[in-house]
Amino acid sequence: MSDREEAGGDARSSDGVRRLWARNLLIWAALLVLLLLSLVAAYIPMGRVTTASGIVVAAAKSTLVVLLFMELASAKPQIRIAAISGLVFLVAMFALTFVDVLARP
Amino acid sequence: MSDESALLREPWFDFGRQREAGKFGIWVFLASETLFFGALMLTYTVCRIEHPEAFAAAGRETNIWYGTINTAVLLTSSLTMAVAAQASEQSARLRRLVLSCLLLTAMLGLAFIAIKGFEYKEDIDKHLVPGAEFALPQRGAELFYGFYWLVTGVHAIHLSIGIALVSRLFWVLLRRELPAKDNPEIEVTALYWHLVDIVWIFLYPLIYLPGRAS
């Protein structure tokens with residue numbers, strides 16, 4: 001590899017590194033903002049909405065992690081099916097349980 | 001491709017297929033982990049519906065600072081883990097970045113465990129362990145702390161396994177026993193690490209946030 005090619009490769013990779021950090025730091029900052037948001041919301045008395053806000057923010061945070069850090073957004077279909085199957089059975093488990101618990105007199 | 005032949009394992013003949021299969025396998029495992037922790041969280045939810053006041057009182061007793069700082073620590077470890085995984089895919093020149101991010105990830109994981117240790121010490125001193133000496137009078141508060149000890153303990157075991165996997169990867173890559181570029185072990189370890197982070201993301205509002213507004 002000539003010096004010029006070497007320098008070109010270094011420039012490309014340092015540019016790539018900058019993009020890599022910019023993308024991931026942005027996601028990280030969003031996660032920390034969401035963490036602070038759920039912390040503050042927990043101290044505001046809104047009854048059930050206060051409880052729900054914590055769960056909704058947790059869902060938003062995990063969506064960011066799953067789609068962007070775990071790269072499910074750009075994953076192949078068989079990977080998405082494997083990931084979603086866990087979610088589907090989780091929803092079934094919660095739904096069947098709540099049908100009983102919430103309908104009790 | 002010498003890198004690929006160094007990484008190729010039985011029974012695959014093709015590196016691309018090996019990567020796909022590894023990724024698919026870990027996602028199936030993570031789906032089963034989702035159900036495992038989901039069942040624990042469902043138990044918590046049912047108990048909380050039955051004893052809302054007791055769960056609010058019990059949640060107030062947890063240390064919000066330890067909980068929040070540890071959440072930030074784990075979110076940051078996911079950042080360094082994601083950078084390590086993406087850098088390994090990007091270029092062979094980024095070996096040092098991969099190594100330093102793996103080291104940071106393991107250290108942040110250890111920091112989480114250390115902070116959790118201080119928190120456990122405080123919980124024990126405050127008699128928040130279910131049993132004869134339990135501090136809170138409300139019926140149902142012991143259920144909350146039963147969940148707390150079980151689920152944070154199981155989470156800490158998962159995290160410890162993650163720290164061991166990341167440390168091993170760091171060591172193997174440092175000694176150049178395996179190449180960092182496109183190493184599927186980094187990808188699979190990263191996916192496991194992120195799931196352990198997601199479990200904590202959900203535990204945070206369940207454990208630390210109840211009862212703060214009342």
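In which hand, left or right, does H2(B) pass H7(B)? The legends below take up this question in a predicted model.

**View 1. Helices H2 and H7 of chain B cross at roughly 15 degrees.** Helix H2(B) spans residues 15–50, and helix H7(B) spans residues 184–207. Their axes come within 10 Å. Angles under 35 degrees count as roughly parallel, so H2(B) and H7(B) are roughly parallel to each other. The crossing of H2(B) past H7(B) is right-handed.

**View 2. Chain A meets chain B.** Chain A gives 38 residues to the contact, and chain B gives 41 residues. On the side of chain A that touches chain B, the elements giving two or more residues are helix H1 (3–42), helix H2 (48–69) and helix H3 (77–101) of chain A. That side of chain A has 26 nonpolar, 11 polar and 1 charged residues.

**View 3. Chain A is assigned domain 1 and domain 2.** The domain assignment places residues 3–70 in domain 1 of chain A and residues 75–105 in domain 2 of chain A. The C-alpha centres of these two domains lie 25 Å apart.

Technical notes: Residues are numbered from 1 along each chain as its sequence is written. Chains are lettered from A and ligands numbered from 1 in the order in which they are written. This is a predicted model: local features need pLDDT of at least 70, side-chain atom pairs count only at pLDDT 80 or more; totals for chains, interfaces and linings use all residues. Domain bounds come from an automatic or database domain assignment. Axes are lines fitted to C-alpha atoms, for helices over the stretch in contact, and angles run from 0 to 180 degrees between N-to-C directions. Helices (H or I, at least four residues) and strands (E, at least two) are DSSP runs, numbered from the N terminus. Angles under 35 degrees count as roughly parallel, over 145 as roughly antiparallel, 65 to 115 as roughly perpendicular and the rest as oblique. A crossing is left-handed if the near helix is turned anticlockwise from the far one by less than a right angle, and right-handed if clockwise. Two residues are in contact if their C-beta atoms, placed from the backbone, lie within 7 Å. Ala, Val, Leu, Ile, Met, Phe, Trp, Tyr, Cys and Pro count as nonpolar, Asp, Glu, Lys and Arg as charged, and the others, Gly among them, as polar.
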